[in-house]
Every structure is written in structure tokens, then in C-alpha cells.
Amino acid sequence: MSKNSVEKVKQEYHEIVILLSLLVNDKNLKNRRKKIMKRLAIKKLIVISQSESRSLEVPFENGLNIILGGNKTGKSSIIKSIFTTLGCECKRIETDWKKLISAYLLFFKYGEKQFCVVRQGKKFQIFENNEDSYSCIIETETFHEYSNCLMDILEIKMPCISKD
């Protein structure tokens, strides 16, 4: 390689480093990256049975969670309970489970904010955690009001459609 070629490569490398440092220091890029990088992380699910005066807490770890168990041990019930808490009406949920559970609570983190969704029958509540206390964002029995609030929290620009 000639001396001119080496100098040309050094110059191009130097220009790339400058461009990269400009991109890294670009505040708009940082803000866009932060917005794109927000994650939804489920922290725990709590199901409450008033008839049995019992509850079940299912904690979730950061990252991938795998639910393992034999037949009829509640794997599908956990997943369907998450869906139910978020507003779905699961068709194939065990009737015993459906009759037994009176309230669902789902704690999750979105970006740096922490929330809790509570569902009791047709009533939905969303709470935001503010330094060890929760403030109610919405309490409604109207699915559309609830889903619009949840979509705003999750920064999703999409209407939720229901049969109602």
C-alpha cells in the first residue's frame, strides 16, 4: 500500500469518527432512540378469589419467562388471566377458574414508568406508581375508555375494537 493510500484511509477513518460522534451527540437522535427503546415488562400477576379468601401471585423476571408444568397445572390459566386483565374476553378459559377469580391485577413497567391494571368483572382501573404510592389514572366499566387510556400509556396509535 502506498503512502498516499494509507493517508487516504486515515482521512476517511477520521471523517467517519467525526460523523459518528455527531450522531451520538445529536439530542434528537437520542430522544428518538429512547422512544423506540421503551419496553413493556410484566412484573407480576395477582389473581384473587374472594369466595376462597385466597390469592395467587405469579412474579415475572426481567427478560424471557418460560412457564413450565404438566397438564392441568395452570399454565394456560396464567396466560389467559393476563389477557383477561388487559381486556380480552377469553372463550376457552376453565369455567371453574372463571367462577373462582373475582379480581385480576397486572403490574407492569413501560419505559421507566410502573403501572397496575385491575379488572373486576366489567370494571377496569389503571394505576400509576409514583414513588411507592399509586394514583388512579382511570376507573371505568366502558371498555373503550379503558382501552384508549391503555393505548395512550403504551404510546400506541390504534383503536381497540369490541363487540360493544
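## Sheet and helices, question by question

Helix H5 (residues 143-153) lies across S3, S4, S5 and S6, at about 140 degrees to S6. The model is predicted, so local features need pLDDT of at least 70 and side-chain atom pairs count only at pLDDT 80 or more, while totals for chains, interfaces and linings use all residues. Residues are numbered from 1 along each chain as its sequence is written, and side-chain values use heavy atoms, with hydrogens and water left out.

User: Why are S3 and S4 called paired?
Analyst: Pairing takes at least two DSSP bridges between two strands. Strand S3 (residues 103-110) and strand S4 (residues 113-120) have 7, and they run antiparallel, so they count as a pair. Lys109 stands opposite Gln114 in S4.

User: What is the strand order of the open sheet, and which strands are its edges?
Analyst: The order is S2-S1-S3-S4-S5-S6, with antiparallel pairing. Strand S2 (54-59) and strand S6 (134-140) are the edges, since each pairs on one side only. Neighbouring strands are turned by 15 degrees against each other on average, direction ignored; the axes are lines fitted to C-alpha atoms, for helices over the stretch in contact, and angles run from 0 to 180 degrees between N-to-C directions.

User: Which strands does H3 lie across?
Analyst: Helix H3 (residues 75-86) lies across strand S1 (40-49), S2, S3, S4 and strand S5 (123-129), at about 80 degrees to S3. Contact means heavy atoms within 4.5 Å.

User: Which residues of H3 are buried, and why are they said to be on the same side?
Analyst: Buried means under 20% relative accessible area (exposed is over 50%, partly exposed in between; 1.4 Å probe, protein chains only). In H3, Ser77, Ile78, Ser81, Ile82, Thr84 and Thr85 are buried. They cover an arc of only 165 degrees around the axis, so they sit on the same side of H3; the arc is taken from the directions from helix axis to C-beta atoms.

Methods: Helix = DSSP H or I, 4+ residues; strand = E, 2+ residues; numbered from the N terminus.
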